[in-house]
Amino acid sequence: MASPARGLAMDPGGRPSPPSLTALRAFEAAARHGGYVAAARELHVTPAAIGTQVKGLEAWLGRPLFHRLPNGLVLTPEGRAALPALTAAFDALNGAVRAMRAAGRPRELTLAALPCIAQLWLAPRLPELQGTFGRDVAILTRDEQPDYARELVDLGLYFADAPAGCTAVVLARDDLFPVCAPALAARLRDPGDLAGTTLLHDSVWHEDWPRWLSRHGAGALRPAREAAFSLYGIALDAALAGSGVLIGHSALVGPALAAGRLVAPFGDRMVAGAPLRLIVPAGGEGTRLAPVIRWLSGEVRASQTARSYARLIRVKGNKLF
């Protein structure tokens, strides 16, 4: 093996000091993700910082751990050999940290969720959740699910399947259908009438309107205008203000429908979307979180359907009934 590079820190015996935990973690994340950018995002540092740590580790080892290619990083044989053991070690370390947190700070509950789910689904339930369990709740809004094995996240709320190592509980079905303010709904009798309106949607869910229109015979429809929003909650506010017709997600617009602030002008013409799921990391179904999981799933089963669909008001002429 090549001699270690000059400038490495030495222990009292004159031998190179072991690599730092930071360097090992940087290499493991970069190797697992196949690049510095995703690793930096996971570890909340810059890609340059990841690169510096990896180069320091390679200097200590005296061999490269990656082949640097124009289209990315490829592990060397030494890198491939080291990765499984490091990944297992960091998984075990993270598991130990989670167990310490559960024992030492049992009142803490950290939930990750899409911003719209956090705002429109979770926030209204938060006071009762905290009152029932006396928890200190932290809510992380993430567009992508976190790495539950690597982050101190107890539960996730997403319109998505459970990733590897997790289970999922369906909390609510999520159907797609147009919703708007009652005054605007009075002018809408058929999906073709949407041609004279502004269609509102979340920019990430840009396929929602085409799916619904295609399913209900208006696939070629061209609206007067479209408005895309980076947050679904802002699109919902625009619909409440009468600015256009929103493609509604039943799991998110239920309270506004129940209050009569929004109506569904075309009744039960819906398209099924991915259900809202509670993501439970491995071990989360144990004693500490089991009551919270039961409460969330049971509370929804008992009341979600009635709240979300009782006020799907159909419009005929100028009358709402």
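Biologist: What makes both faces of strand β5 (residues 155-158) covered?

Modeller: L155 and L157 on one side and G156 and Y158 on the other are all buried. Buried means under 20% relative accessible area, exposed means over 50%, and partly exposed is in between, using a 1.4 Å probe and protein chains only. One caution: this is a predicted model, where local features need pLDDT of at least 70 and side-chain atom pairs count only at pLDDT 80 or more, while totals for chains, interfaces and linings use all residues. Residues are numbered from 1 along each chain as its sequence is written, and side-chain values use heavy atoms, with hydrogens and water left out.

Biologist: Which strands does β5 pair with, and how do you know?

Modeller: Two strands pair if DSSP finds at least two bridges between them. Three bridges join β5 to strand β3 (residues 108-113), running parallel, and three join β5 to β10, running antiparallel. For example, A112 has G156 in β5 as its bridge partner, and Y158 stands opposite R277 in β10.

Biologist: And what makes β1 and β2 a pair?

Modeller: Strand β1 (residues 66-69) and strand β2 (residues 72-75) are joined by four bridges and run antiparallel. L69 has G72 in β2 as its partner. The two strands form a hairpin with two residues between them.

Biologist: Why is L200 called buried?

Modeller: Its relative accessible area is 1%, under the cut-off, so L200 is buried. You'll find L200 in strand β7.

Biologist: What is L200 in contact with?

Modeller: Contact means heavy atoms within 4.5 Å. Leaving aside neighbours within four places in sequence, L200 has contacts including W209, A227, F229, A235 and I247. L200 and A228 are 28 residues apart in sequence, yet 6.0 Å apart in space, C-alpha to C-alpha. Across the chain, 76% of contacts between residues at least 6 apart in sequence join residues at least 24 apart.

Biologist: Which residues of helix α9 (residues 232-240) are buried, and what covers them?

Modeller: Y232, G233, A235, L236, A238 and A239 are the buried ones. The cover includes α5, β7, β8, β9 and α10.

Biologist: E42 is charged, so how do you know whether E42 is buried or exposed?

Modeller: At 13% relative accessibility, E42 counts as buried. E42 is in helix α2, and touches A29, R32, H33, D147 and R150, not counting residues up to four places away in sequence.

Biologist: Why is H44 called exposed, and what is its phi?

Modeller: The relative accessible area of H44 is 62%, over the cut-off, so H44 is exposed. H44 lies in the loop between α2 and α3, and has a positive phi of about 60 degrees although it is not a glycine. Most residues other than glycine have a negative phi.

Biologist: Last one: what makes a pocket a pocket?

Modeller: On a 1 Å grid over the protein atoms alone, a pocket is an open set of points with protein on both sides within 12 Å along at least five of seven lines, whereas a cavity is a set where a 1.4 Å probe fits but cannot get out; lining residues have an atom within 4 Å of a point. Grid points are joined across faces, edges and corners, and a volume is the space filled by probe spheres set on the points. The largest pocket has a volume of about 400 Å³. Of the 22 residues lining the largest pocket, the closest to its centre are L114, C116, F159, V204 and W205.

Biologist: How do the lining residues of the largest pocket divide?

Modeller: Into 12 nonpolar, four polar and six charged. Ala, Val, Leu, Ile, Met, Phe, Trp, Tyr, Cys and Pro count as nonpolar, Asp, Glu, Lys and Arg as charged, and the others, Gly among them, as polar.
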